Amino acid sequence: MSATGLTQAPPRAPPETGMWVQSNHGQMDEVAAVMQENLEKVVDQDMMVSVVDAQTTSLQDGTFQIVVSGENMKQRHFCVNYKMIIVLGIICTIVLIIIITYFCI
């Protein structure tokens, strides 16, 4: 009670308060929507990274197989070339022996 004997009414909220609360709720909803979109984008990017990682692993396996087959092919062709050099050396030696014996006798 006041000095005049009348009770004071509780302070009233300004009329803009309801609009302010609604405005804040609207802004919060917008922020929540943006956060949801960002979360979805992060999940999509994670899925894309997983796909790229799987492709990278596949490419690494393929590269390893190519390197191994290349080394095998190099070794095989080295042996073939080495045999060819030996055969050509033997043929040249025989021809040289024939020429030397033909002119020396």
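The accessible surface of the protein chain comes to about 10,100 Å². Carbon and sulfur atoms account for 68% of that surface. Areas were computed by the Shrake-Rupley method with a 1.4 Å probe, and for residues only the protein chains shown count as cover. The model is predicted: local features need pLDDT of at least 70, side-chain atom pairs count only at pLDDT 80 or more, and totals for chains, interfaces and linings use all residues. Residues are numbered from 1 along each chain as its sequence is written, and side-chain values use heavy atoms, with hydrogens and water left out.

The chain has 1 helix and 0 strands. Both are DSSP runs numbered from the N terminus (helices are H or I, at least four residues; strands are E, at least two). Helix 1 covers residues 16-104. Of the 105 residues in the chain, 0% count as buried. Buried means under 20% relative accessible area, exposed means over 50%, and partly exposed lies in between (1.4 Å probe, protein chains only).

A nonpolar patch lies on the surface. Its members are Met84, Val87, Leu88, Ile91, Val95, Ile99, Tyr102 and Phe103. Together they have about 840 Å² of accessible area. Patch residues have over 30% relative accessible area and no salt bridge; nonpolar side chains (Val, Leu, Ile, Met, Phe, Trp, Tyr) are joined within 5 Å, and like charges within 9 Å. A salt bridge is a side-chain nitrogen of Lys or Arg within 4 Å of a carboxyl oxygen of Asp or Glu. Ile99 belongs to helix 1. At a relative accessible area of 43%, Ile99 is partly exposed.

Aromatic rings were examined next. Rings of Phe, Tyr and Trp (its six-membered ring) pair if their centres lie within 6.5 Å; planes under 30 degrees apart are stacked, over 60 edge-to-face, and the rest tilted. The count is 2 aromatic pairs. Phe78 and Tyr82 are stacked, at 5.9 Å centre to centre and 20 degrees between the planes. Both lie in helix 1, 4 residues apart, about one turn of the helix. Phe78 is exposed at 55% relative accessibility, while Tyr82 is partly exposed at 49%. The ring centres of Tyr102 and Phe103 lie 5.3 Å apart with planes at 75 degrees, so this pair is edge-to-face. Tyr102 is exposed at 64%, and Phe103 is exposed at 65%.
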